[in-house]
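Trainee: I have a structure to learn and would like each term tied to its cut-off. Can we go through it by question and answer?

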Amino acid sequence: MTGRKQQMILFMLFAAGILAAPFFLKGSYLLTVMVFVGINTMLAVALNLLLGYAGQISLGHAAFFGMGAYISGIITSRFPVDPFGVMLLAAVLAGALAFVIGFPILKLKGHYLAMATLGFGIIMYIIFNETVAYTGGPSGLPGIPSLRIGVLVFDNDLRNYYLVWMFTLVVMLLAINLVQSRIGRALRAIHDSEVAARVMGVNARILKVQIFSLSAVISAVAGSLYAHVMTFIAPASFGFNFSVELLTMIVVGGLGSIYGSFLGAAILTTLPEFLRVFQDWDIIVYGLMLILMTMFMPGGLISGMEAGLRHVMAKIFKGDGGHAQA
Amino acid sequence: MLRLDAITKNFGGLTALDQVSFAVADGSITGVIGPNGAGKTTLFNIVTGLYTLSSGRVFLGEKNISFCRTEELAGLGLVRTFQNIELFGRMTVLENVMVGMHNGTRSGILSCALKLPGHRREEKYIREKSMEWLRFTRLEDLAHVAAENLPFGKGRLLEIARALAARPKIILMDEPAAGLNSRETLELASLISKIRESGITVVLVEHDMDLVMDICEHIVVLNLGKKLAEGKAVEIQGNPEVIAAYLGTD
């Protein structure tokens with residue numbers, strides 16, 4: 001089981017790096033950026049489970065993110081309730097909605113599925129925008145309280161960093177476990193040949209809906225964290241553009257790779273700082289990145305890095321180079 | 001084991017299968033032959049739930065499986081292989097077989113994500129058992145190769161290994177010898193015999209007459225969607241209607 005051990009060591013190194021990073025970034029603007037890298041990594045992992053592993057596209061994932069943000073934002077800004085309880089509620093509601101719409105939507109394939117999820121994303125965006133009495137409409141929803149555990153209030157970058165990354169690391173670990181398991185193999189099997197997977201007894205119909213639902217749950221939790229970290233949310237963060245940005249993250253980082261999700265999230269979250277010069281044209285830059293990556297590097301940036309890393313790991317452990325992938 | 005009762009399949013105005021009935025005996029190797037377009041693959045697609053039949057019934061043992069979903073059939077002991085290989089290309093050879101063991105194992109999303117002890121044990125069992133199937137089909141040296149990189153003949157073997165991993169009672173093979181050279185075909189014949197000896201019923205659709213005549217004790221001949229003849233190899237070879245269907249008549 002060299003492959004498994006390597007995976008665990010790799011994850012622990014990654015987690016240690018993440019936990020140690022603030023000591024080097026203290027007081028720096030990068031620390032703020034890293035909080036959002038964490039949130040985006042969760043979203044990218046969620047979308048990657050669906051698209052990179054199960055091969056089912058979603059162009060409406062920003063909607064689940066928004067759902068988590070608005071449910072948490074609306075309830076905790078009005079009522080003195082436990083925000084973690086509301087986060088759980090948001091996760092359950094997003095998961096339930098995904099489950100219900102997943103059955104009809106995931107019967108579709110390819111472009112048709114892309115269109116259906118796109119439509120769903122747009123409907124949700126309109127709801128965020130138009131239900132002004134609850135969401136504040138286009139001008140946004142202010143006054144969302146920071147999360148707190150006892151006397152510990154998550155109200156500065158350093159605290160938010162650890163709050164967000166604890167969630168993100170747990171999500172990454174669970175995702176790594178999942179994709180290496182019986183379920184992960186079944187998902188990848190559906191991706192490569194749905195008919196053969198079904199012949200082998202994989203209930204593709206149910207499994208696709210389950211993973212869509214799980215993906216929505218993770219996205220909603222990310223949304224809830226986002227709302228509490230920002231303390232202010234507006235519909236623009238949850239529209240079609242952000243769904244495309246998420247897609248770009250996993251294509252750039254690596255489809256079917258959990259670490260690739262992080263890499264893509266890190267690049268695409270940092271990039272806008274450099275893309276300021278393009279202003280509203282950023283969606284075109286994302287489109288261009290999508291096209292170039294799929295043409296020249298379909299495995300994403302991580303595939304090249306992984307090959308190198310495996311080579312090194314194989315030398316250290318004298319294993320077979322780690323055939324399990326995460 | 002498997003019984004087809006007056007199976008009919010219409011595609012619009014075209015009748016692909018017309019009142020086809022036959023039975024597959026327990027532990028036998030049954031061959032389904034016929035010229036191109038005879039309806040052989042359509043027949044497999046109906047039995048495996050990929051097509052819905054227009055009329056007739058299919059029984060697996062005593063159970064009517066006419067309207068079972070494809071994914072339910074592995075659990076009932078029926079699996080198939082495909083004419084144009086349907087492997088999970090980007091997964092390794094070993095992982096392909098491990099997917100075959102999806103049937104008969106039960107770890108769900110939660111226990112997989114949390115790596116619960118039951119799942120760990122099952123994972124170990126799946127891995128070891130899958131290696132056994134690779135040894136059975138002599139693919140163990142290729143265990144960690146991506147399936148899409150396999151040579152064609154090995155891909156066919158992998159399809160069989162994966163199907164066996166589902167622990168079927170009956171396995172349907174759609175042209176397993178297509179594209180194989182004569183040495184590979186011989187190896188395939190001995191593998192199919194070994195599978196039958198292990199107690200699994202085999203049905204094959206095949207173009208390779210030598211293979212069919214060699215290993216099938218029961219042969220069903222289809223032509224233009226109808227059953228033309230049925231019987232032992234010698235009976236089929238001497239049947240004038242069959243000869244006419246294959247060679248044409250004036």
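Trainee: What percentage of the 326 residues in chain A do buried residues make up?

Mentor: Buried residues make up 52% of them. A residue is buried if 20 or more other C-beta atoms, placed from the backbone, lie within 10 Å of its own; it is exposed if 12 or fewer do, and partly exposed in between. This is a predicted model: local features need pLDDT of at least 70, side-chain atom pairs count only at pLDDT 80 or more, and totals for chains, interfaces and linings use all residues. Residues are numbered from 1 along each chain as its sequence is written, with chains lettered from A and ligands numbered from 1 in the order in which they are written.

Trainee: Which secondary structure does chain A have, and why is chain A called as compact as a globular protein of that length?

Mentor: Chain A has 14 helices and two strands, where helices (H or I, at least four residues) and strands (E, at least two) are DSSP runs numbered from the N terminus. The globule rule, 2.2 Å times the number of residues to the power 0.38, is set against a radius of gyration taken over C-alpha atoms. For 326 residues the rule gives 20 Å and chain A has 19 Å, which is close, so the chain is as compact as a globular protein of that length.

Trainee: What makes helix α7 of chain A mostly covered?

Mentor: Of its 23 residues, 17 are buried. The span of α7(A), residues 157-179, is 32 Å from first C-alpha to last, close to the expected 33 Å; the expected span is 1.5 Å times one less than the number of residues.

Trainee: How do you know that strands β3 and β8 of chain B pair?

Mentor: Two strands pair if DSSP finds at least two bridges between them. Four bridges join β3(B), residues 29-33, to β8(B), residues 201-205, and the two run parallel. Thr30(B) stands opposite Val203(B) in β8(B).

Trainee: What is the order of the strands in the open sheet of chain B, and why is one side of β6 and of β10 left without a neighbour?

Mentor: The order is β6-β7-β8-β3-β9-β10, with mixed pairing. Strands β6 (78-80) and β10 (226-231) of chain B stand at the edges with a single partner strand each, so one side of each has no neighbour in the sheet.

Trainee: Which residues does Ala161(B) touch?

Mentor: Leaving out residues up to four places away in sequence, Ala161(B) touches Val97(B), Trp133(B), Leu134(B), Phe136(B), Thr137(B) and Leu139(B). Contact requires C-beta atoms, placed from the backbone, within 7 Å.

Key: Contact = placed C-beta atoms within 7 Å.
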